[in-house]
Amino acid sequence: LSSNKHCSFHPYPHFSFVSQSSSSGNPSLHCSMSSSADFSDEDEYSLKSGSASPAPGDTLPWNLPRHERSKRKIQGGSVLDPAERAVLRIADERDRVQKKTFTKWINQHLVKVRKHINDLYEDLRDGHNLISLLEVLSGDTLVSEYIYKKRRSRNDDITDGNPKLTLGLIWTIILHFQISEIHVTGESEDMTAKERLLLWSKQTTEGYVGVRCENFTTSWRDGRLFNALIHKYRPDLVDMSRVSTQTNRSNLEDAFCVAEQLGVARLLDPEDVDVQSPDEKSVITYVSTLYDAFPKVPDGVEGVSPNDVDIKWVEYQNMIKYLSQWIKHNVAIMSSRSFPNNPVELKALYTQYLQFKEHEIPQKENEKTKIKNLYKMLEMWIEFGRLQLPPGHHPNDVEKEWGKLIVAMLEREKSLRPEVERLEMLQQIANRVQRDCVNGEDKLALARTALQSDAKRLESGIQFLNEAEIAGYLLECENILRQQVVDIQILLDGKFPFADQLVQRVSKLRDDLLALRAECSSVYSKGRTLTTEQTKMMISGITQSLNSGFSQSINTNLTPALTPPASVQSYLGSGGDMVPGSLRHLKNMQIRKPLLKSSLADPSLTEEEVNMKFVQDLLNWVEEMQMELERSEWGSDMPSVKMNLDNHKNVHRVIEEFQMSLKEAKISEVSISCSCINFC
């Protein structure tokens with residue numbers, strides 16, 4: 001009987017029960033235990049007089065129907081004949097054990113509704129406890145006013161407390177609710193519930209030395225079968241080597257005590273079983289209770305048999321251990337923000353991260369799913385107490401650590417991807433600087449070739465031809481350098497690993513440009529003829545340059561000087577040390593004082609030649625000062641600033657002296673003739 005069954009329950013003709021739900025249209029609950037457990041005929045009680053052969057004790061006076069008891073008294077026969085006396089002892093013991101077992105069985109269910117019986121025969125007479133028992137077992141609420149009183153006149157065995165019929169009623173209830181639902185692997189359709197329970201007992205204890213399961217009586221007397229059943233499911237609670245050496249009652253006591261720890265009511269006592277022929281119904285009732293208490297794999301669900309529990313448990317623990325270690329290891333890696341500054345290495349690191357994300361993570365996801373499935377298979381054994389789950393070994397614990405890994409991965413990608421993009425951008429800039437260096441070097445090579453050609457022409461007394469072309473090459477190279485200065489600054493700010501090498505190359509290109517420009521100035525100044533008016537303009541240009549603080553070039557024919565930003569000037573200011581982030585070695589600026597005209601006095605020179613040489617020296621001095629000032633620095637610390645300040649003061653004093661030379665040059669301007677003058 002259960003809430004989802006439509007059954008007919010008529011254990012005795014005078015009982016009829018219906019569920020309250022029947023009035024609302026749901027299937028009514030009719031209870032009949034006539035053959036629900038399919039036990040053999042000899043296991044069934046005779047419910048009507050003369051319906052079957054009497055079982056032992058059935059002919060005892062108090063087990064006879066009322067009219068049979070009356071008949072005996074009328075006939076005046078002895079209440080007990082010798083055969084009945086012999087049966088009495090067996091019947092007495094059987095009924096005693098059954099009464100005790102059934103009473104305990106009933107109470108373990110009535111406790112759910114806070115009820116209790118003390119005497120099986122007396123406490124069921126009014127029917128209330130019986131209805132409560134059926135409600136607990138069925139899960140339905142039965143009509144309390146069953147047709148009991150109306151049929152009292154037909155049979156009063158239960159209300160009179162008839163032991164035989166009362167025990168029979170409870171046994172029928174046990175068959176229906178406790179035993180009929182037993183199923184076991186390998187059962188056949190024609191098996192009775194008793195046979196199925198016996199088959200389960202045999203299968204469970206198979207392989208245990210000295211244990212034989214052939215029936216529900218004598219096979220259980222020594223207690224080994226009970227201990228073997230429990231050991232199969234909880235080997236940690238039973239020592240089978242000890243069982244083989246103990247007495248029957250010690251084994252029975254140990255088994256019943258352990259079973260109580262597992263939640264199995266103590267329906268039997270050792271003295272109930274350690275007899276020549278234990279009561280079969282009592283043993284069946286207790287064994288079926290053990291069956292209910294032990295884990296079973298639900299239908300349609302993959303589970304773990306008792307034989308495979310330990311193997312699967314080791315597998316589960318290993319999977320948990322290795323996955324947890326793997327997660328913690330990679331959480332530490334993903335939490336690191338120490339990235340290489342080398343673009344190639346960083347790109348490799350990012351590729352490695354993508355491989356981890358796209359390949360390793362899905363594989364570990366599958367392992368995590370396997371752990372969850374295996375845990376579901378082992379969960380009933382954990383709940384049963386066969387397995388003890390250590391801290392951190394639940395799938396939820398793994399899931400928690402997995403979440404930390406995913407967060408760490410997202411944070412790492414959030415930091416790693418911009419860094420990759422940044423270094424890729426710097427790499428592109430570095431590649432551009434390299435290309436521009438090659439381009440600038442090519443321009444200088446072309447300019448140098450053209451200059452050499454013009455120098456040969458001048459040596460041969462032929463007019464030069466390539467000045468404009470060379471000026472174009474130099475201008476292009478200078479523009480390249482200006483862009484490179486900006487790019488180098490970006491690389492330095494971004495701490496590009498190869499910035500120092502590029503600084504050296506750009507510095508060399510700048511030095512080559514300055515050297516070639518000076519060489520061009522020297523070559524073309526030798527081959528250029530100036531008029532007196534041009535000479536006056538040059539002197540005037542010197543004055544303007546001084547007044548403007550050397551901010552402009554003194555000659556428009558000279559290539560404009562480079563003025564790199566102060567932040568990278570320490571790298572491009574000299575051809576010396578080029579260590580990134582460091583200043584060049586500080587030293588006092590070597591300033592050449594301008595010559596006085598008197599220092600050029602030479603008896604072999606005419607006045608005009610002395611004047612021209614004097615003016616040329618002044619022009620050279622201005623150009624040297626212009627270049628020196630372009631290379632000057634503010635300084636990055638107190639010593640360097642102080643040193644540069646001293647250099648500036650020296651320049652200032654020399655410029656004041658230059659004013660005197662300039663005045664002298666103006667006086668000489670009057671004596672310059674209108675003839676052509678050549679500057680050497």
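Residues are numbered from 1 along each chain as its sequence is written. Since the model is predicted, local features need pLDDT of at least 70 and side-chain atom pairs count only at pLDDT 80 or more, while totals for chains, interfaces and linings use all residues; side-chain values use heavy atoms, with hydrogens and water left out.

Start with the pair formed by α14 (residues 395-459) and α15 (residues 467-493), whose axes come within 9 Å and cross at roughly 160°. That angle makes α14 roughly antiparallel to α15. The cut-offs here are under 35 degrees for roughly parallel, over 145 for roughly antiparallel, 65 to 115 for roughly perpendicular, and oblique for the rest. Axes are lines fitted to C-alpha atoms, for helices over the stretch in contact, with angles from 0 to 180 degrees between N-to-C directions. Helices themselves are DSSP runs (H or I, at least four residues), numbered from the N terminus. The crossing of α14 past α15 is left-handed, meaning that the near helix is turned anticlockwise from the far one by less than a right angle. Sorted by class, the contact of α14 with α15 has 18 nonpolar, four polar and seven charged residues. Nonpolar covers Ala, Val, Leu, Ile, Met, Phe, Trp, Tyr, Cys and Pro; charged covers Asp, Glu, Lys and Arg; the others, Gly among them, are polar.

Buried means under 20% relative accessible area, exposed over 50%, and partly exposed in between (1.4 Å probe, protein chains only).

Helix α11 (residues 280-293) is next. Most of α11 is covered, with twelve of its 14 residues buried, among them Val283, Ile284, Tyr286 and Leu290. The axis of α5 (residues 163-179) comes within 11 Å of that of α11, crossing at roughly 25°, so α5 and α11 are roughly parallel. Their crossing is left-handed. Helix α6 (residues 193-205) has an axis that also comes within 11 Å of the α11 axis, but crosses at roughly 60°. That makes α6 oblique to α11, and this crossing is left-handed too.

Helix α4 (residues 128-138) is largely enclosed by the rest of the structure, as eight of its eleven residues are buried. Those buried include Leu130, Ile131, Leu133 and Leu134. Just after α4, glycine 139 takes a positive phi of about 80°.

Two other positive phi values turn up in loops. Most residues other than glycine have a negative phi. Arginine 114, in the loop between α2 (82-110) and α3 (120-123), has a phi near 60°, and is exposed at 83% relative accessibility. Lysine 495, in the loop between α15 and α16 (499-526), has a positive phi of about 55° and counts as exposed at 64%.
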